[in-house]
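Good morning, everyone. Please have the sequence and the structure open while I talk.

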Amino acid sequence: MRSPVIAASGTYGFGREYGKYIPLSELGGISVKGLTLTPRQGNPPPRIAETPSGILNSVGLQNPGVHAFIRDELPFLKAHPGLAVFANAAGSTVEEYGEMAAILSETDVDGIEANVSCPNVKCGGAAFGTDPDVLARVVRCMRRQCKKPLIVKLSPNVTAIALMARIAEAEGADGVSLINTLMGMAVDIRTKKPILGNNAGGLSGPAVKPIALKMVFDVSRAVSIPVIGMGGIVTGEDAIAFFLCGASAVMVGTGNFTDPFCCKKVTDEIADFMDSNGYTQVSDMVGKLELN
Ligand SMILES: Cc1cc2nc3c(=O)[nH]c(=O)nc-3n(C[C@H](O)[C@H](O)[C@H](O)COP(=O)(O)O)c2cc1C
């Protein structure tokens, strides 16, 4: 990739709206809105609640379905030379994850990012990525049918994320990305109701950055596959901290909502930092954190 900065899934749609303002080819890549086998309406509104230094969202994977993506959106994205297109894929059963991998493998996406933070409908709704055995089954099933680079996007809503990363690696993942959102709630004390229509949602933005950095640090020491870091990145300096903790690329999500040029700004600021500190390539910084 020509840049280590990727637009994070669910915050950049399929690139069309941002593409009116920013040459998408200047991004390292885009992870598209989470795709499912069939179209989804998503959750009832309100879907976003602002929090100190972040947001809670409960969009609920609203998307046109994988087939409409391949037909209507992928050709637009692939018309941007140099832009790596990652299909963020989710399923409601283990088998559906495998089917998504098979379908997307026959397209010209550059990689598949498995969103394992979705509820497992057959097992009481717990997220696939929060149970080690279920995560192993999902990655195994996808790997068998996946001919593309497979990135497993880890859920932070676990006790030991490094263990989950090791499982993903052992089952054949080519890389891991983290973190997805942290489960949270916002309450309207006057109505005595949760603010989000879905009651609970996922926290993202600068509020989660310290948690994300620690998780990236732990995961990058536990696996030897590449790590993509995200969680609260809004400046080049934020991204550099993720590189030092072991990420070899970063994703920018919520930052795009407050500044639609955030990905470009982060990219330019990384380049400035590298120039003024004598780094010639990102890999010179990866994992170079010096512990006290
Ligand atoms: C509104 C919204 C929608 C999201 N949708 C998805 C999604 O469809 N699939 C996914 O894997 N992550 C999704 N995410 C999570 C982000 O990709 C990212 O992991 C998370 O927000 C942390 O990064 P950030 O703090 O830079 O936003 C979503 C996040 C937000 C804020």
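Let's start at the ligand. The residues of the shell around it divide into eight nonpolar, 16 polar and two charged. Which residues come nearest to the ligand? Of the 26 residues around it, those are Gly10, Gly34, Ser204, Gly253 and Thr254.

Now a word on confidence. This is a predicted model. The mean pLDDT of the protein chain is 97. 100% of its residues reach 70 or more. Where is confidence lowest in the protein chain? In helix H1, residues 16–19, at a mean of 96. It is highest in strand S13, residues 227–229, at 99.

Next, how the helices pack.

Pair one is H4 with H5. Helix H4 covers residues 132–145, and helix H5 covers residues 161–170. Their axes come within 9 Å and cross at roughly 30°. Are H4 and H5 roughly parallel or roughly perpendicular? Angles under 35 degrees count as roughly parallel, so H4 and H5 are roughly parallel to each other. H4 passes H5 in a right-handed crossing. Who makes the contact? From H4, take Pro132, Leu135, Ala136 and Val139. From H5, take Leu163, Met164, Ile167 and Ala168. By class, the residues of this contact are eight nonpolar, no polar and no charged.

Pair two keeps H5 and brings in helix H6, residues 209–222. The axes of H5 and H6 come within 8 Å. They cross at roughly 40°. That angle makes H5 oblique to H6. The crossing of H5 and H6 is right-handed. H5 brings Ile161, Ala162, Ala165 and Arg166 to the contact. H6 brings Met215, Asp218, Val219 and Ala222. How do the residues of the contact of H5 with H6 divide by class? There are six nonpolar, no polar and two charged residues.

Helix H7 runs over residues 236–244, and helix H9 over residues 262–277. They pack at an angle of about 65°, with their axes 7 Å apart. That makes H7 roughly perpendicular to H9. H7 passes H9 in a right-handed crossing. On the H7 side, the contact is made by Gly236, Glu237, Ala239 and Ile240. On the H9 side, look for Val266, Glu269, Ile270, Asp272 and Phe273. The residues of this contact divide into five nonpolar, one polar and three charged.

Last topic: the backbone. First, some background. Most residues other than glycine have a negative phi, and most peptide bonds are trans. So here are some spots to look at.

Find proline 45 and proline 46. The peptide bond from proline 45 to proline 46 is cis, with omega near -10°. Where is proline 46 found? In the loop between strand S2, 29–31, and strand S3, 48–51.

Now go to leucine 178 and isoleucine 179. A cis peptide bond joins them, and omega is about 10°. Isoleucine 179 also lies in a loop, between strand S8, 175–178, and strand S9, 182–185.

One more stop: serine 53. Its phi is positive, about 60°, although serine 53 is not a glycine. You will find serine 53 in the loop between S3 and strand S4, 54–57.

To recap, I'll pick out a few things. The ligand shell has 16 polar residues. H4 and H5 are roughly parallel. H7 is roughly perpendicular to H9. And the bond from proline 45 to proline 46 is cis. Thank you.

Methods
Residues numbered from 1 in each chain as written. Predicted model: local features only at pLDDT ≥ 70, side-chain atom pairs only at ≥ 80, totals over all residues. Axes fitted to C-alpha atoms, helices over the stretch in contact; angles between N-to-C directions. Helix = DSSP H or I, 4+ residues; strand = E, 2+ residues; numbered from the N terminus. Parallel < 35°, antiparallel > 145°, perpendicular 65-115°, else oblique. Left-handed = near helix turned anticlockwise from the far one by under 90°. Contact = placed C-beta atoms within 7 Å. Nonpolar A, V, L, I, M, F, W, Y, C, P; charged D, E, K, R; others polar. pLDDT = per-residue confidence, 0-100. Near = placed C-beta within 6 Å.
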